[in-house]
Every structure is written in C-alpha cells, then in structure tokens.
Amino acid sequence: MDKREYGALKEVNYAEVASNIMDPLRDTLKPADMMLYQVGLSTLAIILKERQSSSSLLHCLESHVRDETTLVFLRKLLKENYDQIEALSKLDIEILKAATLLAQPKSFTDTSVMSTPEGISALAISLLDLKEDDTILDLGSGVGSFLTQAAYASGSKNLYGVEINTHNVIITNLRRLVAELPIKVVQGNILSQDYGYLSANKVFSNYPLGVRLSNLQHYLDKNSALKEYFKDTKRTVSGDWVFGLAAYLNTRQPGRTVILMTNTGTWNKPDEQLRKSLVENGVVEGVVLLPAGLLSCTGISLTMLVLSQNNTEIRMVDALDIYTEGRRQNSLEPTNVEKIVNAYYNDTDISRKVTASEIAEQEYILNPQRYIDIDVGITDGISLGKLCLSISRGAMIRSGELDNLMSAEETNYRYLMLQDIQDGTISPNLLSLIGVEERYRRHCINDRDLVVSKIAPFKVAMAHIKEGQTILASGNLYFIKLDETKVNPVFVEVFLQSEAGMAQLNRLAKGSAVRNISIQDLKRIQIPNIPKTQQDLIAEEYENLCDELIVLQKQADITRDKKAKLVEGVL
C-alpha cells in the first residue's frame with residue numbers, strides 16, 4: 001500500500017463497521033482483547049474478499065505470515081468466526097482496511113498506552129531525521145503506530161519493533177500484512193535483552209512511564225551494559241532513565257535516539273548524578289518540553305529527549321504552549337509539529353542552545369524553562385532574585401515532634417502552616433508552641449517577610465509580626481526578605497497575588513501529582529520594573545483596600561448575627 005492510499009484511508013468512516021464487528025463478541029471478550037479481534041476479523045475479511053475461498057485464504061496466510069503465534073491466532077479466528085468473516089468480506093475494501101490499520105486502543109483506559117499518538121510520532125520522526133537508508137527500531141512498539149508512520153515518512157526497508165505483549169505483536173504483524181510494509185516485530189523485553197544485532201541507527205521509545213527503579217532491578221541485573229549506568233546512582237532515581245538508556249544502548253553509533261519521558265527525571269535531585277554523566281559525556285543533544293494532555297493515559301506534561309554523540313551544546317525547546325486543544329485530549333497537529341521542529345533547529349523565542357557549563361550551574365537540570373526566558377507579558381521586568389536579600393524555607397518537622405512542641409496555652413511562639421494563609425492574609429490564630437529550639441531559629445520569619453507556599457495552589461501573604469512574637473514557618477512555605485531600597489515588599493505581594501504573578505508561579509512549578517516550585521525557579525519570577533514612587537502608590541492603595549475589607553467583614557459578621565437573632569424576641 002502506498003503513502004497516498006494510506007492517507008486516503010484516514011478519511012474513511014469505519015466506526016459503524018468496527019462496532020458491527022465487535023457487537024457479537026462483546027459478551028465473551030475481555031476489554032483488552034477487543035482491538036485484537038477487530039483487527040484480526042477485518043484482516044481475514046480483506047484476504048477472503050481478495051481470495052474468494054477459505055482454502056485460498058489459508059494458503060495465503062501460511063505463505064505470508066511467518067510468525068507462528070500470529071498464524072495460530074488467525075486459524076482459530078477463521079475456524080470459530082467464518083460466517084462473520086464471510087459477511088464482512090462483502091463490505092467495501094477501503095472500510096475494512098481502515099478498520100485494520102487505523103483502529104486504536106480505547107482512549108482513557110489502560111490499553112491506550114499501547115499506541116503513540118500521531119502528533120507525537122510525527123515530532124519524533126522529524127527529530128530522528130529519518131532517511132531511506134536508516135535502520136529504524138521502536139522499543140516498546142505497541143500496536144505499531146509509530147513504525148507505520150515511520151515507514152511512510154522514511155521509505156526505509158528496515159523497520160523493527162520490540163514488544164512484550166503478545167496481542168500487540170499479532171496486531172502489528174496483521175497491519176504489516178495488510179499494508180505490505182517492511183516491518184518486523186520481535187517479542188521480547190526491552191530492558192533485559194540486547195537488540196544491537198539489529199544495527200538500528202535510529203531508535204524511538206515510548207515506554208511505560210513512571211515505573212520505580214526497584215521494580216526494574218531484576219531486568220537491570222540481566223543487562224550488564226545498562227546496569228553500569230546505575231551502579232553509583234541513588235535508589236530513588238527515576239525508572240524512566242532505565243528505559244531511556246536501554247534505547248540509547250541499542251542505537252548503533254553514529255545514530256540518534258528519541259525517547260518520551262516524564263518531566264521529573266529532568267530536574268529531580270536523585271537523578272542529578274546521572275544527568276551530569278550524560279551531559280559531560282555529550283550524550284544529550286536536545287530536550288523538548290511538551291504540552292500537557294497529549295496522552296489519554298495521563299494528563300501531565302512530558303519531555304521528548306534526543307540522545308546522540310559528541311554534543312558540546314544542548315538544544316532546549318519550551319513547547320509547553322504549542323498544541324491543538326481537544327475536548328478531552330490535546331494533540332500536536334502538523335502546524336504544531338512544524339513550529340516545534342523549527343524551534344529545535346533554530347533559536348526562537350521558545351528555544352536556544354545551552355552550554356554544558358550553564359547546565360552545571362543549574363545542578364544539571366534539563367528542564368528547558370530553566371534556560372529560556374518565558375513570555376510573561378512584562379516588557380520591562382526584573383527577576384525576583386535580584387530584589388531579594390534572602391529566600392529561606394520553613395522547617396521540616398515530623399508530626400510526632402510537632403505534637404510535643406504544641407502548647408495548650410497561648411504563647412508568643414507560633415507555628416505558621418500552609419492552611420493558615422487564606423485570601424492573601426495570615427490568620428491571627430496560629431498554633432502556639434512551647435518554644436522554638438535554637439536549631440529552628442533560621443526557619444523563623446521576620447516582619448514584612450513575603451511568605452509564598454512551596455506547592456500549588458500557590459498562596460502569597462505578607463507577615464505582620466507583633467513585638468516579642470516568634471513565628472516558625474512549616475516546610476511547605478518559603479519566606480522572602482526583600483531589599484526595600486530596591487522594591488516595596490507590598491508591591492511585590494500585590495503582583496504575586498495577581499493573575500500575572502500566579503501564572504508565572506504555575507508555569508515554573510514542577511511535578512505531576514503535586515506541583516511545587518524551587519527556590520531557583522522562584523528567583524526567576526519577573527516583577528514589573530516600575531518606579532518606586534509608583535510602587536508605593538499601588539502598595540498604599542492595596543493596604544487601604546485591605547482595611548476596607550476588614551471593616552466590611554466585621555459589618556457582615558454583625559449583620560449575620562442580627563439575622564440569627566431576629567426571631568429570638570418572639571419565642
């Protein structure tokens with residue numbers, strides 16, 4: 001099947017046919033088996049339509065299907081469902097081919113991980129720079145989505161997939177048969193087994209995301225080359241790196257590897273030593289921060305990493321905002337892919353080359369947002385770090401220890417927690433402590449310190465401390481002492497509480513389940529660089545409005561109390 005015919009199939013509506021194929025089997029099949037049977041039945045219907053008889057169909061299968069597992073499945077399907085296959089063979093050939101080649105696992109289910117979305121595949125293909133004479137390998141090839149696109153994009157005759165799931169291997173074999181593509185899929189484990197014998201110089205991998213290293217150790221033990229990378233790493237290193245480096249080690253040099261990974265591995269502390277080794281050895285070529293919601297199995301943002309050899313600079317691309325919004329899932333359409341690829345190969349407002357020394361200064365963090373000035377709508381800004389005398393974090397105190405520090409009576413020693421900040425103000429009713437030990441003194445906030453929460457949703461408030469009072473901050477809070485010769489602290493408070501300020505905090509936050517901001521990223525927040533006289537006016541107006549709110553709140557409390565007592569006199 002040529003590229004034009006395959007492209008035309010995307011315009012064919014096969015949904016009704018797919019439903020008709022599966023309706024008789026829904027009560028007997030598990031959800032994980034549905035796609036396998038749909039592809040199998042439609043494939044057999046195509047061959048029967050072309051061969052006209054079951055005997056010719058069997059002969060065709062035995063001549064063209066080399067994988068015994070696939071052949072056994074097709075024989076079983078033919079024996080048990082011949083009447084249905086014969087009925088399907090009466091349908092239009094284009095509908096049957098579309099049902100075979102374009103069917104996808106059901107979105108927002110566990111099976112959706114078996115397919116790489118078209119936009120992600122298109123981007124990976126562009127970054128791999130596929131050529132006709134390349135040998136292409138997809139580690140964790142699923143149902144063959146990437147390999148099919150790669151075959152048509154490159155014209156290569158050497159395309160290989162490695163997949164552990166038997167159903168997916170069969171589906172890929174059937175699609176190869178129908179599309180007549182030079183794809184060969186091997187059933188195997190992408191971590192414990194060596195596929196260097198394939199001599200693939202272009203390797204892609206969209207592997208299981210977020211797997212813990214402890215769950216992969218037994219595979220590492222079987223792969224000495226891969227294990228070598230992790231001999232000195234921490235036990236909490238991201239499992240994504242195990243899969244990613246397995247892909248790199250299976251790449252024939254000179255070559256290029258593209259992997260999809262969670263963002264955590266690009267910035268978290270346990271992975272620093274591994275990142276350092278890769279950067280210093282010139283392995284990392286480029287990093288592309290992708291938008292959230294591209295996969296139906298997870299809503300988080302992901303990173304596409306390009307690995308090659310002898311890189312003295314690393315291309316950073318912040319593509320977080322480049323996507324086409326969908327109702328439930330976002331996508332990378334051709335125009336989005338084109339813009340990201342252009343940014344990868346050229347300096348733009350979302351991309352630049354970064355030296356190894358720059359990355360070393362940032363603790364070998366590979367998140368592009370560390371190196372690219374984000375457009376925050378502020379034409380003249382100054383970083384928060386340049387306005388600070390210090391940024392400190394509160395004390396990490398275990399709950400059991402905190403219980404022992406609590407005082408039943410009110411004291412001048414207080415403990416400030418995240419929940420004590422509401423609507424931009426700090427509650428006056430903080431938890432009382434017996435005292436504050438010397439080791440915790442550096443975690444105590446001062447008057448007019450700006451308090452910012454470490455985790456999202458972000459909270460910002462100004463500390464107003466009474467004379468003689470000591471307030472110890474919890475570990476979920478930062479407190480910032482601003483240089484008042486440079487900036488009005490209240491103005492900074494007002495800005496960070498604004499939509500523009502919150503947008504920056506959220507954009508610079510990292511993490512999946514719990515998003516948090518580091519001190520280094522907090523320093524990058526851009527504050528409008530306006531004259532201090534103008535800052536003072538804004539700060540004064542803000543404080544006046546806060547006073548008005550306090551008065552209105554008291555009036556509201558009095559009014560609510562009167563309402564509650566309205567009928568007491570007649571009872």
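**Reading a predicted model, feature by feature**

Student: Let's start with one residue. Does D423 count as buried or exposed, and why?

Tutor: The cut-off for exposed is over 50% relative accessible area. D423 has 80% relative accessibility, so D423 counts as exposed. Keep in mind that this is a predicted model.

Student: Where does D423 sit, and what is its phi?

Tutor: D423 is in the loop between β13 (421–422) and β14 (425–426). Its phi is near 55°, a positive value in a residue other than glycine.

Student: What about D129: what is its phi, and where does it lie?

Tutor: D129 has a positive phi too, about 55°, although it isn't a glycine. You'll find D129 in the loop between α8 and β1 (135–139). As for cover, D129 has a relative accessible area of 35%, so it falls in the partly exposed class.

Student: Okay, zoom out. How many helices and strands are there, and what does the C-alpha trace span?

Tutor: The protein has 22 helices and 21 strands. Its C-alpha trace spans about 95 × 75 × 50 Å along the principal axes.

Student: How do I read the contacts along the sequence? What percentage join residues at least 24 apart?

Tutor: Take the contacts between residues at least 6 apart in sequence: 73% of them join residues at least 24 apart.

Student: And the charges: how many positive and negative side chains, and how far apart are the centres of the two sets?

Tutor: There are 62 positive and 73 negative side chains, and the centres of the two sets lie 4 Å apart.

Student: Now the inside. Which residues have the most contacts inside the largest nonpolar core?

Tutor: That core has 83 residues, and the ones with the most contacts inside it are L123, F146, V288 and M304. Helix α3 (residues 34–51) gives the most to this core, with 11 residues. Apart from it lies another core of 44 residues, including L191, W241, Y248 and M261.

Student: Say I click on V288. What does V288 touch?

Tutor: Skip residues up to four places away in sequence, and V288 touches L127, L302, T303, M304, V317, A319, I340 and Y344.

Student: Why is helix α13 described as largely enclosed by the rest of the structure?

Tutor: Because 9 of the 10 residues of helix α13 (residues 240–249) are buried, it is largely enclosed by the rest of the structure. The buried ones are D240, W241, V242, F243, G244, L245, A246, A247 and Y248.

Student: How many disulfides does the count come to?

Tutor: General idea first: a disulfide is a covalent bond between the sulfur atoms of two cysteines. Here the count comes to 0. Take C388, which is in no disulfide: the nearest cysteine sulfur, that of C444, is 19 Å away. For comparison, the cut-off for a sulfur pair is within 2.5 Å. C388 is buried, with a relative accessible area of 17%, and C60 is buried at 7%.

Student: Which peptide bonds are cis?

Tutor: Omega is what you look at. The bond joining Q253 and P254 is cis, with omega about -5°, and the one from A456 to P457 is cis as well, with omega near -5°. P254 lies in the loop between α13 and β5 (256–262), while P457 is in the loop between β17 and β18 (460–462).

Student: Where do D110 and N446 sit?

Tutor: D110 is in the loop between α7 (93–101) and α8 (118–128), and it counts as exposed at 74% relative accessibility. N446 is in the loop between β16 (444–445) and β17 (450–453). N446 is partly exposed, at 37% relative accessible area. Leaving aside neighbours within four places in sequence, N446 is in contact with A463, I465 and K481.

Technical notes
Residues are numbered from 1 along each chain as its sequence is written. This is a predicted model: local features need pLDDT of at least 70, side-chain atom pairs count only at pLDDT 80 or more; totals for chains, interfaces and linings use all residues. Side-chain values use heavy atoms; hydrogens and water are left out. Helices (H or I, at least four residues) and strands (E, at least two) are DSSP runs, numbered from the N terminus. Contact means heavy atoms within 4.5 Å. Lys and Arg count as positive and Asp and Glu as negative; His and the chain ends are not counted. The place of a charge is taken as NZ of Lys, CZ of Arg, CG of Asp or CD of Glu. A nonpolar core is a set of buried Ala, Val, Leu, Ile, Met, Phe, Trp, Tyr and Cys residues joined through side-chain atoms within 4.5 Å. Buried means under 20% relative accessible area, exposed over 50%, partly exposed in between (1.4 Å probe, protein chains only).
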